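Thanks for coming. I have one model to go through today, so please look at the screen.

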Amino acid sequence: SEEALRKTEKLAATGRLAASIAHEINNPLEAITNLLYLLSTHPELDDTARSYVDMAVHELRRISEITQQTLRFYRQSTLPANASCAELLDSVLSLHQVRLRNRGIQVEKKYDPDTELYCFAGELRQVFANLIGNAIDAMQEGGRLALRARRSREWKGAGRSGIRIQVADTGEGMMPEVQLHIFEPFFTTKEAIGTGLGLWVSSEIVAKHKGTIRVRSRAARLGGGHGTIFELFFPHETELPTSPEAEPRHVVASEGVSVH
Ligand code: ADP
């Protein structure tokens with residue numbers, strides 16, 4: 001619809017603005033990091049002063065993480081190639097082994113034998129890392145993380161053929177008013193630890209692969225408490241952009257998503 005299109009364009013413009021700001025911030029940030037390094041190794045610095053410098057470096061790293069995340073999507077360092085979605089999911093999972101065990105989160109995997117996809121593997125991995133990281137954040141008291149990767153049609157029996165991915169958790173879920181904004185840059189409900197960039201970057205990467213991303217979720221407060229399911233679809237036989245200027249053709253936002 002007209003309004004959906006306007007919203008998509010606005011989001012894309014916001015994204016470009018965010019990326020250019022991130023780029024501008026990056027250079028002075030690197031300069032400050034170098035200066036702080038010199039300061040921290042200065043022989044006349046006492047322990048208290050050094051601990052202040054360490055704190056400053058720590059906070060700086062946080063800013064740097066935000067700008068790097070923003071820029072990552074717009075940088076294109078590698079060429080597309082075939083990669084197994086199941087292997088990408090597993091490689092993200094292995095990074096989280098300790099956190100999963102400590103929280104008592106059970107992992108349940110169902111992969112089809114062949115989940116190969118022509119893609120930018122590093123970017124897809126980033127999407128899976130964002131979704132799995134969010135799922136773990138949502139299950140503070142433990143729960144179940146279910147990962148699926150299947151060869152499938154886009155919708156029941158029809159549409160393009162490709163790979164369907166599901167990342168499902170039994171965590172706290174989302175209120176409808178939260179769900180409306182999750183794909184917008186800088187939207188977060190995690191005051192201290194969130195950047196609000198994970199799902200925005202993810203939706204841009206999915207759009208670049210001509211795929212779709214959908215979410216179903218319900219907060220426990222609304223009598224649901226079934227957690228959250230993110231579902232991705234990536235089509236086979238996609239032409240992928242190989243020039244850095246290439247723009248994603250569409251962004252799939254959270255509109256039209258059914259809430260169960
Ligand atoms: P961040 O994780 O840094 O906040 P994201 O863009 O990844 O940024 O997510 C935006 C928001 O979407 C989160 O702050 C959270 O409110 C909500 N969210 C995302 N995934 C989940 C999930 N699996 N369960 C509950 N809420 C989620």
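How do the residues of the shell around the ligand divide into nonpolar, polar and charged? Nine are nonpolar, eleven polar and three charged. In that scheme Ala, Val, Leu, Ile, Met, Phe, Trp, Tyr, Cys and Pro count as nonpolar, Asp, Glu, Lys and Arg as charged, and the others, Gly among them, as polar.

Before going further, this is a predicted model: local features need pLDDT of at least 70, side-chain atom pairs count only at pLDDT 80 or more, and totals for chains, interfaces and linings use all residues. Numbering starts from 1 along each chain as its sequence is written.

Back to the ligand. It is surrounded by 23 residues, and the closest are N134, A138, T188, G194 and G198. A residue is near the molecule if its C-beta atom, placed from the backbone, lies within 6 Å of it. Two helices, α5 (121–138) and α7 (198–208), each supply at least two residues of the shell. The most comes from α5, with four residues. Helices (H or I, at least four residues) and strands (E, at least two) are DSSP runs, numbered from the N terminus.

Staying with α5, it packs against helix α3 (residues 85–95) at an angle of about 50 degrees, with the axes 9 Å apart. Axes here are lines fitted to C-alpha atoms, for helices over the stretch in contact, and angles run from 0 to 180 degrees between N-to-C directions. The pair α3 and α5 is therefore oblique; angles under 35 degrees count as roughly parallel, over 145 as roughly antiparallel, 65 to 115 as roughly perpendicular and the rest as oblique.

Now the strands. Two strands pair if DSSP finds at least two bridges between them. There is an open sheet of five strands in the order β2-β4-β5-β7-β6, with mixed pairing. Its edge strands, β2 (105–111) and β6 (212–218), each pair on one side only. From one strand to the next, the twist averages 15 degrees.

Seven bridges join β2 to β4 (residues 143–155) in parallel, and K109 stands opposite L147 in β4. Between β5 (residues 158–169) and β7 (residues 227–235) the pairing is antiparallel, over eight bridges, with T228 in β7 as the bridge partner of D169. Strands β6 and β7 are also antiparallel, over seven bridges; there T212 has F233 in β7 as its bridge partner.

Last, β1 (residues 81–84) and β3 run antiparallel and are joined by four bridges. In this pair, N82 stands opposite Y118 in β3.
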